[in-house]
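Please read this report with the sequence and the structure side by side, and look up each residue as it is mentioned.

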Amino acid sequence: MDHDWFDEIDLDPAVPWRRMGVRQLGHRPWLVADERREIELALKARLLADRPDEVTARVGPIGAVDHEVRALVAGEGLVPEPGPDPLVSAASVVQEDLCVLRRRDDGWHLEAACLCFPSRWRLADKIGRTLLDVHGPVDGYAEHLHGRVETFLDRVGERPVLRRNWFVHPDGALFQPSAPPTDPVIPAADALAGLHVRSERQTLRRLSSGAVLFTIRVQHGTVGAVLDAGDRRRRFVEHLRRAPSDDLAHRGMAPAQVAELVQALERR
């Protein structure tokens, strides 16, 4: 399996995680299809059929936005099937989740989404709320990021921009709407196969209505598979050794887990 996406992750331990990290899309594609496409689209179809209230939501009609999103996806050669909800139809043919943000008097709100692969958050808890409320559980968001995010969204243009985040979890499932109270510590002997690097490839672009389309593509793999290249292991271990503890905690790693993971990577 190709894990080249990992090379887009910023592993500079001196760079704080509380930043937007937005970059131009450049030569990169807006939407990414890979060897997991059939598997992930089949999982989406099951979730949409069995748990529609958990993976789709909207705050009233969003008018032409639905059809514009569908047209953008179709323009990438991925033609959605006709359906009563154009946003869901568009999301059903791409590996990305699709969210629509709209500006209100009190800031940007999450107005509609088809979110089949959440990273430990529930769409029902966030729909219709401001981004400050959406990111409320994120330590330091209000103080360090919220103002910059709002200003950025006010200015973002029609050309997509890219950002990434990443985490290490003991669960490789794509559909993760909730987190356990405490993640178990995976011992070094099992860490390479039992821990998973999970990254969200996110893009943002302005729609003609003024709303913003936010795409989320989850890319993941076991630590052992993702860090198969020696240079990746070296850079990752350096990050684990030098990054602040709050950075590592934000990414899902308690000190005990960091110690076990470093031991596993250095042993390999």
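## The hairpin of E6 and E7

In this predicted model, strands E6 and E7 form a hairpin with five residues between the strands, and in that hairpin Gly-210 takes a positive phi near 100°. The two strands run antiparallel and are joined by 11 bridges. One place to look along this pairing is Arg-205, which stands opposite Leu-213 in E7.

E7 also has a partner in E3, and these two strands run antiparallel with five bridges between them. Here Leu-98 stands opposite Thr-215 in E7. Of the 11 residues of E7, 10 are buried, so the strand is largely enclosed by the rest of the structure.

## Thr-203, a buried residue of E6

Thr-203 belongs to strand E6, which covers residues 196-206. Is this residue buried or exposed? Thr-203 is buried, because its relative accessible area is 0%, and a residue counts as buried when that value is under 20%.

The side chain of Thr-203 makes a polar contact with the side chain of Thr-215 at 2.5 Å, and another with the side chain of Trp-30 at 3.1 Å. When residues up to four places away in sequence are not counted, Thr-203 touches Trp-30, Val-161, Leu-162, Leu-213, Phe-214 and Thr-215.

## The nonpolar cores

The largest nonpolar core is made of 29 residues, and those with the most contacts inside it are Val-69, Val-73, Leu-98, Val-100, Cys-116 and Leu-213. Which elements give two or more residues to this core? They are helix H1 (37-50), helix H3 (64-74), helix H4 (86-91), strand E3 (97-104), strand E4 (107-114) and strand E7 (212-222). The largest share, four residues, comes from H4.

Leaving aside its neighbours within four places in sequence, Leu-213 is in contact with Trp-30, Val-69, Leu-72, Leu-98, Cys-99, Val-100, Thr-203, Leu-204, Arg-205 and Leu-207. There is also a second, separate core of 26 residues, which includes Ile-9, Val-197, Leu-261 and Ala-264.

## Salt bridges across the chain

In one, the side chains of Arg-235 and Asp-7 come together with an N to O distance of 3.5 Å. Asp-7 itself is partly exposed, with a relative accessible area of 43%.

In the other, Asp-34 forms a salt bridge with Arg-217, and the closest N and O atoms are 2.7 Å apart. Asp-34 is partly exposed, at a relative accessible area of 25%, whereas Arg-217 is buried, at 1%.

Within helix H11, Arg-234 and Glu-238 lie four residues apart, which is about one turn of the helix, and they form a salt bridge whose closest N and O atoms are 3.6 Å apart. Arg-234 counts as partly exposed at 46% relative accessibility, and Glu-238 is partly exposed as well, with a relative accessible area of 31%. Through salt bridges that share partners, Asp-4, Asp-7, Asp-231, Arg-232, Arg-234, Arg-235, Glu-238 and Arg-242 are joined into one network.

Which residue has a positive phi although it is not a glycine? Arg-120 does, with a phi of about 65°, and this residue is found in the loop between E4 and helix H5 (123-126). Arg-120 counts as partly exposed, with a relative accessibility of 22%.

For the protein chain as a whole, the average pLDDT is 91, and 94% of the residues score at least 70.

Notes
Residues are numbered from 1 along each chain as its sequence is written. This is a predicted model: local features need pLDDT of at least 70, side-chain atom pairs count only at pLDDT 80 or more; totals for chains, interfaces and linings use all residues. Side-chain values use heavy atoms; hydrogens and water are left out. A nonpolar core is a set of buried Ala, Val, Leu, Ile, Met, Phe, Trp, Tyr and Cys residues joined through side-chain atoms within 4.5 Å. Buried means under 20% relative accessible area, exposed over 50%, partly exposed in between (1.4 Å probe, protein chains only). Contact means heavy atoms within 4.5 Å. A polar contact is a pair of N or O atoms within 3.5 Å; within protein, one must be able to donate a hydrogen and the other to accept it, and residues adjacent in sequence count only if both atoms are side-chain atoms. A salt bridge is a side-chain nitrogen of Lys or Arg within 4 Å of a carboxyl oxygen of Asp or Glu. Two strands pair if DSSP finds at least two bridges between them. pLDDT is the predictor's confidence in each residue, from 0 to 100.
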